[in-house]
Amino acid sequence: MVIFSVYVVNKAGGLIYQYDNYVPRAEAEKTFSYPLDLVLKHHDEKVVVSFGQRDGIRVGHAVLSINGVDVMGRSTADGKDILEYLRDAANYPVSIRFGRARLSSNEKLMLASMFHSLFAIGSQLSPEVGSSGIEMLETDVFKLHCFQTLTGWCELFDQNLKSALEVAEKAGNFGTGS
């Protein structure tokens, strides 16, 4: 089993740790003539396909590069808006690489919080008393597992931190007022 990402969420639903362990594989590059037969739009500081699928290019894929030059969000390397660049017939033929863009930090925070909310709702709506909520969410492409840590971990962390600080203080590693 491959682990693509790890998210650690606190009891309040806040993201406290996240690690990506994958490189998006679903990429498609195609050379287009004018006019472009896909509908593109700005979405979350990216340019994404909103209508039209072909040759491995799917709705939701973002523009990753134009003519071999990586794009930065909504702009080309020279600072032009991607949609404006693609409206100009003089820029064709154009080679565009599409794929899943990496999630922004804000998107990761929102997804972690949203999953925590779904987990809490699942726990409360379960017909079984004491349900543990969502344990696994399965799609045709991936499985999302939800593991809960043992209760009391935070208290144990606090106790060990206090002990470490006391040991360091007794050893003289801290000066007065530190």
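Colleague: Before we start, what does contact mean here?

Modeller: Contact means heavy atoms within 4.5 Å. In this predicted model, and leaving aside neighbours within four places in sequence, Ser 95 is in contact with Glu 29, Lys 30, Thr 31, Ser 65, Ile 66 and Asn 67.

Colleague: Good to know. Where is Ser 95 found, and what makes Ser 95 count as buried?

Modeller: Ser 95 is part of strand β8, residues 94–99. Its relative accessibility is 15%; buried means under 20%, so Ser 95 counts as buried.

Colleague: And which residue's side chain does the side chain of Ser 95 join in a polar contact?

Modeller: That would be Glu 29, at 2.9 Å. The cut-off for such a pair of N or O atoms is within 3.5 Å.

Colleague: Let's turn to Asp 78. Why is Asp 78 called exposed?

Modeller: Exposed means over 50% relative accessible area, and Asp 78 has 59%, so it counts as exposed. You will find Asp 78 in the loop between β7 (69–70) and α1 (82–87), and its side chain has a polar contact of 2.4 Å with that of Thr 76.

Colleague: How many aromatic pairs does a search of the whole structure find?

Modeller: There are 2 aromatic pairs. One of them is formed by Phe 32 and Phe 98.

Colleague: Why is that pair of Phe 32 and Phe 98 called edge-to-face?

Modeller: Rings pair if their centres lie within 6.5 Å, and planes over 60 degrees apart count as edge-to-face. The centres of Phe 32 and Phe 98 are 6.2 Å apart and their planes stand at 85°, so the pair is edge-to-face. Phe 32 lies in strand β3 (residues 27–32) and Phe 98 in strand β8, so this pair ties together parts 66 residues apart in sequence. Phe 32 counts as buried at 4% relative accessibility, and Phe 98 is buried with a relative accessible area of 0%.

Colleague: What about the aromatic pair of Tyr 34 and Tyr 92?

Modeller: Tyr 34 and Tyr 92 are edge-to-face too, with 5.3 Å centre to centre and 70° between the planes. Tyr 34 lies in the loop between β3 and β4 (39–43), and Tyr 92 in the loop between α1 and β8, so the pair ties together parts that are 58 residues apart in sequence.

Conventions. Residues numbered from 1 in each chain as written. Predicted model: local features only at pLDDT ≥ 70, side-chain atom pairs only at ≥ 80, totals over all residues. Heavy atoms only, no water. Helix = DSSP H or I, 4+ residues; strand = E, 2+ residues; numbered from the N terminus. Buried < 20%, exposed > 50% of the residue type's maximum accessible area, 1.4 Å probe, protein only. Polar contact = N/O pair within 3.5 Å; in protein donor to acceptor, adjacent residues only side chain to side chain. Phe/Tyr/Trp six-rings, centres within 6.5 Å; stacked < 30°, edge-to-face > 60°.
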